Amino acid sequence: MRTLLVTGPGGSGRTTVAAATALSAAGEGHRTLLISADRLDALGAEHANLTLRRPTPADEFRDDLLALQNRAGSALDLLGAGRVDGEELTPLPGSDELALLRALRDAGRSAYDTVVVDLPPAPRALALLALPEQLRRYLRRLLPPERQAARALRPMLGRIAGVPMPAAWLYETADRWDTELAAVQAVIEDPGTTVRLVAEPGPAGADAVSAAATGLALQGLRTDALHANRVLPDDTADIWLTGLVAQQRKTLVEWAQTYGDALGGLPHLGRDPRGADDLAALGVPAPGAAPAPVQWPVVDALADEGVLVWHIPLPGVPREELGLIRRGDELVVTAGTFRRIVTLPSALRRCTVAGAGLREGELRVRFAPDPDLWPQTR
């Protein structure tokens, strides 16, 4: 399955571009699913090979909370808590994002050839894509799976500690959440999944694209294309647009140097696109083959330098915006306004950090073997 995640700055036209992309894929005969939380008026009527899905956070939030209330019913009764009726529940902030993740998980289990996902604006989209990995880490820290093995000892441990131990249903719920989050994470990290950026060329668009590229690189996600949207014609006769055209051309030249053939220009139609004809006029191509997955290789330089070097690709990130902290078996990497906590590969857990540097768009972290932990040769 080919999955395309579409995002960009707010107001950049990402929803329209996502719809045009899905329509192009369907026009080539691909069974296509388009997922969007926004209304897709630009598509107009139904189209062959194209299925639309708009997540319903209200219904899903209500079902999840009522199910949790039923599972914890005895504890709520013990506390004297009143039950909540489904009719009085309204979605909380963040439920839209969770509904979108669930739709992405379901798409991964479907039989579609192409899935196009209209994500929220770039900052929220990056936080959303990082959420499954973060939540799974929190679950492992709060309720380590290995503690379930002591289920038979839990009553005795509760008497010794003087406090009740977590009930079995809590671990079962955590395990179910972890399974669902792992399914979402698998779709996001799948070799067939890429991100497509949409932005209007100009100073604000350039800043937004640069920030989004940093966040995507830190998450190990690939950008397969950048669509410069609403590009004005060079021969415009409107004196008021001359400066804007020059501004767009300057940004397009800079983007071409960074993205090369992955940069595509979409024309300004002079109106908001409506219907299949307008979407076709944009010339948005169907998703092609996904680029090669991003690798974070560990290079063995023990023979020459006595270290192992972890190569983390972070193209375009200034040196002064990078941060690095070792915490146990984890590495906290900061790039600009983004941060990611990654688990060290097994070989590096027996090493100490011996230095780091930014070279050729890569953060190269040097690890020296810890004599107390590293296997010794005789």
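Q: In this predicted model, is D224 buried or exposed?
A: Buried means under 20% relative accessible area, and exposed means over 50%. D224 is found in strand β6, residues 223-231. The relative accessible area of D224 is 15%, so D224 counts as buried.

Q: Which side chain does the side chain of D224 join in a polar contact of 3.2 Å?
A: Leaving out residues up to four places away in sequence, D224 touches R2, L4, T194, V195, R196, A262 and P291. The polar contact of 3.2 Å links the side chain of D224 to that of R2.

Q: Which are the edge strands of the open sheet of three strands?
A: The strand order in this sheet is β10-β11-β12, and the pairing is antiparallel. An edge strand here pairs on one side only. That holds for β10 (322-327) and β12 (338-343).

Q: At about what angle to β12 does helix α8 run?
A: Helix α5 (residues 122-142) packs on the sheet and touches β11 and β12, its direction making about 40° with that of β12. Helix α8 (residues 203-218) lies across β11 and β12. The angle of α8 to β12 is about 10°.

How values were computed
Residues numbered from 1 in each chain as written. Predicted model: local features only at pLDDT ≥ 70, side-chain atom pairs only at ≥ 80, totals over all residues. Heavy atoms only, no water. Pairing = 2+ DSSP bridges. Helix = DSSP H or I, 4+ residues; strand = E, 2+ residues; numbered from the N terminus. Contact = heavy atoms within 4.5 Å. Axes fitted to C-alpha atoms, helices over the stretch in contact; angles between N-to-C directions. Buried < 20%, exposed > 50% of the residue type's maximum accessible area, 1.4 Å probe, protein only. Polar contact = N/O pair within 3.5 Å; in protein donor to acceptor, adjacent residues only side chain to side chain.
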